[in-house]
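Student: I would like to go through this model with you, one local feature at a time. Where shall we begin?

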Amino acid sequence: MNDQQPPLTADPETIRTWFDTAFAHADGQLSVAAGFGGGKLEYDFFPTTEDGLAAAVRYVIALDRRKPEGIYYQSTTLRERPPKGRGREADAYCLTHLWADGDYGTVGHQPGLDDLDAPPHAEATLKVYDEAGLPQPTGYAKSGGGLNGIWLLAEAYLIGDEDDRARVKELTTGLQTILTAQAYRYGWSWDSGVGDLARLMKLPGTVNRKRGCPERATGMLPGSGVVYDLAELSTAVAELLPAAQETVAQAEAEKQARKAQRKGGPVPPPRRERSAGLHSGDGPLDVLADMLTFPDLLEPEGWTDAGQSGEWRLMLRPTAGGDAPSSAYSLKYNDHVAVNWSERSDLPVGALPRGQKLTIGTLYAHLHYGGNTSEAASDIMRAAAGRTARGAAGRLAPAVLAEVKRRCMPGEADDLRSLIADDPWAGPQDEPPDVPEPPDAPGWEEPVPLAPPAPPLLDVTLLGGIGEMAQAVSTSLQVPVDIPAWFGMATASAAIGGRRTVSPKPDWSEPVTLYCMTVAAPGEKKSPSRAAMVAPLVQEEQIRKAADKVTVAKDEQDRRIAEACVGAAEASVIKAKNAQTRQAAKQELSAVRDELEQLGEPKVVTQMLADDTTPEAAAGVLAEQGERLAVISAEGGFLGNIGGRYSNQPNLEVVLKAWSHEPHTVNRKSGPPLFLTRPNLTLALAVQPGLLSGLGDTAEVFESRGFTGRFVFSVPTSMVGRRTYDTEPIPDDVRRRYHEAITRMVKLIWDDPEPRAMCLAPEAQAVFKAFWVDWERRHLVPGELTAVEGWSKKLPGQLLRLAAVMTLFDSPDAVTVSARTMANAVALVPYLLAHARQVVDLMSAEKQSRLGPARAVLDWLRKKQPTAPVSVTEVRRGVHGQSWCESADDVNSALSVLDRNGWIRFLPQPESTGGRPAAPRFEVHPQIIGRST
């Protein structure tokens, strides 16, 4: 009998109850985020409407399937979806409740070296709430390691100007100070750093999977049930805060005393405000900044290096008792500034304002002088002058003190105060996620991923009516919503037929046509998804074909008669007996030729769609069909065809030019040349990953010619293994609205004989310009967009196309793109960028040759789920027959990659007892077998 409990999963009812309780009466956008390994944070935003909150619940459930370490919500709403990042305090818009973070015990959090312990259990945390003097919390959110007090407001409060924002933050931080003071009175510490208005808190109804800890469900507990006026809470905080501040100051002084005792140095004086006259710009702390690095200051205090993240270097704080650090990193730094995210490090937390940032100088003052930069500078001057230092300055290297003396003591001045300076540098910094970072696992380090992190999910609400239909198809067929969504966008693009362009400003025009590529494995129901989304276009094409048959038949008959007449007239000219007869025959020939020419180009049956075609055949169809065609296929055959399947060399010309409506000429071996003046092609391909990874040199051609840069890419997360059998069919009204919209587009746009231009509404222009400016700046950040450089340069134009397609789906006669639609397109950028990076990784021949075998072995180990050490021989047998595995050396090389990247660990070879030596054996990282480390 198996007594093992099933793994915990998110509870949608609890999540929805919390969203309704806290945000149903709010304005703005709700922010939801999930923390994954390595400090990775994924987030999205949802309107606080009925549909928006329902979409937020679905997003949380989708996140939970990927087993994040925690799922969070922002305590305040945002006025609107930010153009970049998850938003900051300056974006906080609506306050619906006050909050606190009441951690207890030691599971998932450890005290700093000089901190008091947290309350030992939940009852102790409740005691702090009960006796702090504040109104009782309306209820509590269980975080899986704490009880977070919640004081609900009777009416949501909209934050006004910056002064109002500052007053609200004084209230939220004052509340934390009062609770911190009460905890101190019982000899406990309290997390006082959660008062910022962009704070992320654990979402009730989800699972706390902090690494190194057991899984713990989060939830809600009842409190007083009272909802409060903001003025009532403000009055209570104002009355209690002065005494609480004195208590917290006393607690801080005692902490500094414990720190000084531990280090064997003097107790630093209390912090005091710096004098404005003590800034010279070339003082002792400036010398430290020039001569020392952040590790020079932190490593002697027990901090350790934790690797690199982009332009930032990471460090871990020391912890009490020498236990393992409880986070992947505690602080990050670059050449100029550090940002600390550990509440227990005795350093300021988070993104600090100008003048307070952690520079070399201010960090030195915090580490050794209680944050008093004036005292730190004075003591450095004393040491440099050969006097007895009061603190750590006396331990600075002689070279540092000599430089201080040279730069800061001209003429051996005795007036130290005139020479003291703080480091004035206040460099730029990015706000990192403020969710708890993943802890290190005992015995195992975090393995290096062999594949890019899973890209974000598609928020189909951004796609309007197309998204509605895509979601219904996804629910019915149990497929990732991305597959029907991009087939739907391509279908709308095909219905436009190249008859529209969109322009954000003079001299910049984008054809409204899309190239979409979804990457999904076999068995993901790509074909049924395509059929559902392209159905209205197929139906319209069939109707037109039926109507065309009579017209085409009559044209063919007229043409046969005219051609026969021309032939007969030619024969009469040839057979004429004399000049007079010949002249009459020539006149007849000229007349019947005119009749043939008046018939024009041969009429053909309407063809809107093609599936598996060659580029040469596509050019011919374009010439016949008014220079527009859509290739919408659930297979990758067309990609193989243009890659040179039949010609042994890629043929991209017509595909490249049709994306931008460039003229194109095809010189055929038989028949006259084809002249295309304004070709328009819509592409939507659903390809298997193996097709992209097997492109080889063709991938480089695709990239160098700009072919890959023209695509909207999607690599959706498979639902296989999590699908439901009993599903809701596509609602009739949803299907009807989608079909009617596509049909209306065909009649009003595809049938329009003239191309027409669209523009952006003034507000939409502002949205697009803000995106463009930020995106342009990102190209200057080293490594930011290097891997997708060609694609990223075309992204602004791609967003214009997407916004125009969404606009025309809703209103086929529209001539302007609204700000809302443009903002929805811009909101797709994180999704589009992450999925483009996935495809680039798949197409990289170098990565496939180096990491492909290692990924294959890793996949085999995950399927095998070994609970005991594995031998190399077992691996060879398990992967035998795979295309990359031609010899034992191939397997050994793959295992070496896994070993270097922390996925496996070879065991010592047993001593030889004669005979054939045993095959090497290794143990696997707990993540491979799905265990928490």
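Student: How many bridges join β25 to β26?

Tutor: Happy to start there, and please keep in mind that this is a predicted model, in which local features need pLDDT of at least 70, side-chain atom pairs count only at pLDDT 80 or more, and totals for chains, interfaces and linings use all residues. Residues are numbered from 1 along each chain as its sequence is written, and side-chain values use heavy atoms, with hydrogens and water left out. Strand β25 covers residues 756-760 and runs parallel to β26; strands here are DSSP E runs of at least two residues, helices H or I runs of at least four, both numbered from the N terminus. Two strands pair if DSSP finds at least two bridges between them, and the number joining β25 to β26 is two.

Student: Which residue in β26 is the bridge partner of Cys759?

Tutor: Strands of a sheet pair through backbone hydrogen bonds, either parallel or antiparallel. For Cys759, the partner to look for lies in β26, a strand that spans 816-817. That partner is Thr816.

Student: Which strands are the edge strands of the open sheet?

Tutor: The sheet has four strands with mixed pairing, in the order β17-β16-β25-β26. An edge strand pairs on one side only.

Student: At about what angle to β25 does helix α21 run?

Tutor: Helix α21, residues 762-778, lies across β16, β17, β25 and β26. Axes are lines fitted to C-alpha atoms, for helices over the stretch in contact (heavy atoms within 4.5 Å). Angles run from 0 to 180 degrees between N-to-C directions, and for α21 against β25 the value is about 75°.

Student: Is Gln478 buried or exposed?

Tutor: Gln478 sits in the loop between α11 (465-477) and α12 (482-496), and it has a positive phi of about 60° although it is not a glycine. Most residues other than glycine have a negative phi. Buried means under 20% relative accessible area, exposed over 50%, and partly exposed in between, with a 1.4 Å probe and protein chains only. Gln478 has 12% relative accessibility, so this residue is buried.

Student: What is the relative accessible area of Lys525?

Tutor: Lys525 also has a positive phi of about 60° without being a glycine. Its place is the loop between β18 and α13 (526-575). Lys525 counts as partly exposed because its relative accessible area is 37%.
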